[in-house]
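Open the model in your viewer and keep the selection panel at hand. The stops below say what to select next and what is there.

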Amino acid sequence: MQAIQISEPVPASALKSVTLPTPQPVAGHDVVQVKAFGVNESEVTSRKGESDGDFHYPRVLGIEGVGVISATAPDSPYQVGQQVAMMMGGLGRAIDGTYAEYCLVPHTAMIPLKTNLDWSLVGALPEMLQTAYGSLHVGLNLQAGESVLVRGGSSTVGLMSIALGKMLGATVFATTRKPAKVAKLKALGAARVLIDDGKLAAQLPAGVDKALELVGTTTLFDTFATVRAGGRVCFTGGLAGGWEIDHFSPFMIPSGKTLTSYAGEARDLPAELFDRVLKAVAAHELEVPVAKVYHASSRSAKRRRTSSPATLSASTWWC
């Protein structure tokens, strides 16, 4: 099979296909024929040699993808020919990932699906959808009728969070720094779009029930100021590069408000929700934010991902 494998830190220009043995099923793992995979900032980090200790060379990159099961282990709950999404579970880091024609995938990292949508579209969904839904459901426990602020709304996870929040029955407020993106965010379901000037509380005097922080620690406490007493803020992303708080004290969390975070796995995304989203996309009720589709090679996609990490959801299509 063909795969994108690296043996040391390399620039994006050095990514190329190599021939590797096609994997065979083992206990707890099935072989999936990869139809498409999304391009993530995590893979850029791994390519540069900056990943955590669970990453080892040589490695086939790719933490997510979609495809069709081609061979099953004796203990598999799946069937040959079944469509699946795959994400996390060590893919592309502890074990070889989805930048390949075939991938050996843990059963726990797969979600069954059934769709006639183009693989190039479905391939952009798994990690983006899982992060957005996990943040809203697990991190915020968002309920119908509540209001939620999505700070960093023009990012791919932000765009999906807006659409999901509306689908779940919430009133969604979203932020962007660029007025040209306001119409896009409203089209996806934002009831109101705020131009982020770093001081949102003045723009939301009535406050919101809950808030999703995607910009980072640099805006976290301003985001807290938008949440009403008893509200909750979920920290999921650091688009502005802020991941840590110097000299953090629990007393920095505003009294009566809750700070949580989200960084989950495939198990946090129910197959029923994935199916609901696929049906909504097919019915033109939901738009999937895809910047560009690349065929056969991920090199050009990785170059663009490096230059625009906050706005790109790229999908590479093998077939």
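Select phenylalanine 37: with 0% relative accessibility, this residue counts as buried (buried is under 20% relative accessible area, exposed over 50%, partly exposed in between, with a 1.4 Å probe and protein chains only). The model is predicted, so local features need pLDDT of at least 70 and side-chain atom pairs count only at pLDDT 80 or more, while totals for chains, interfaces and linings use all residues. Numbering starts from 1 along each chain as its sequence is written, and side-chain values use heavy atoms, with hydrogens and water left out.

**Aromatic pairs**

The structure holds three aromatic pairs; rings of Phe, Tyr and Trp (its six-membered ring) pair if their centres lie within 6.5 Å, and planes under 30 degrees apart count as stacked, over 60 as edge-to-face and the rest as tilted. Phenylalanine 37 belongs to strand S3 and tyrosine 99 to the loop between strand S6 (83-87) and S7, so the pair ties together parts that are 62 residues apart in sequence. Helices (H or I, at least four residues) and strands (E, at least two) are DSSP runs, numbered from the N terminus. Tyrosine 99 is also buried, at a relative accessible area of 0%.

Next, select phenylalanine 55 and tyrosine 57. Their pair is edge-to-face, 5.1 Å centre to centre with 90° between the planes. Phenylalanine 55 counts as buried at 10% relative accessibility, whereas tyrosine 57 counts as partly exposed at 33%.

**Strand S3 and its partners**

Show residues 29-39 as strand S3; nine of its 11 residues are buried. Which strands pair with S3? One is strand S7 (residues 102-106), antiparallel to S3 and joined to it by five bridges; two strands pair if DSSP finds at least two bridges between them. On that side, valine 32 stands opposite cysteine 103. Another is strand S5 (residues 64-71), also antiparallel over five bridges, where valine 66 stands opposite alanine 36.

**The open sheet**

Now display strands S2, S1 and S4. These three strands form an open sheet in the order S2-S1-S4, with antiparallel pairing. Strand S2 (17-19) and strand S4 (59-60) are at the edges with a single partner strand each, so one side of each has no neighbour in the sheet. Strand S1 (residues 2-6) pairs with S2 over three bridges; select glutamine 2 to find its bridge partner in S2, threonine 19.

**Helices H3 and H7**

Select helix H3 (residues 126-139) and helix H7 (residues 271-282). They pack at an angle of about 115° with axes 12 Å apart; axes are lines fitted to C-alpha atoms, for helices over the stretch in contact, and angles run from 0 to 180 degrees between N-to-C directions. Show side chains for Pro126, Leu129 and Tyr133 in H3, which meet Leu273, Phe274 and Val277 in H7 (contact means heavy atoms within 4.5 Å). The residues of this contact are six nonpolar, no polar and no charged; Ala, Val, Leu, Ile, Met, Phe, Trp, Tyr, Cys and Pro count as nonpolar, Asp, Glu, Lys and Arg as charged, and the others, Gly among them, as polar.

**Serine 161**

Finish at serine 161 in helix H4 (residues 156-167). Is serine 161 buried or exposed? Its relative accessible area is 1%, so serine 161 is buried. Leaving aside neighbours within four places in sequence, serine 161 is in contact with Ala132, Leu136, Val150 and Leu212.
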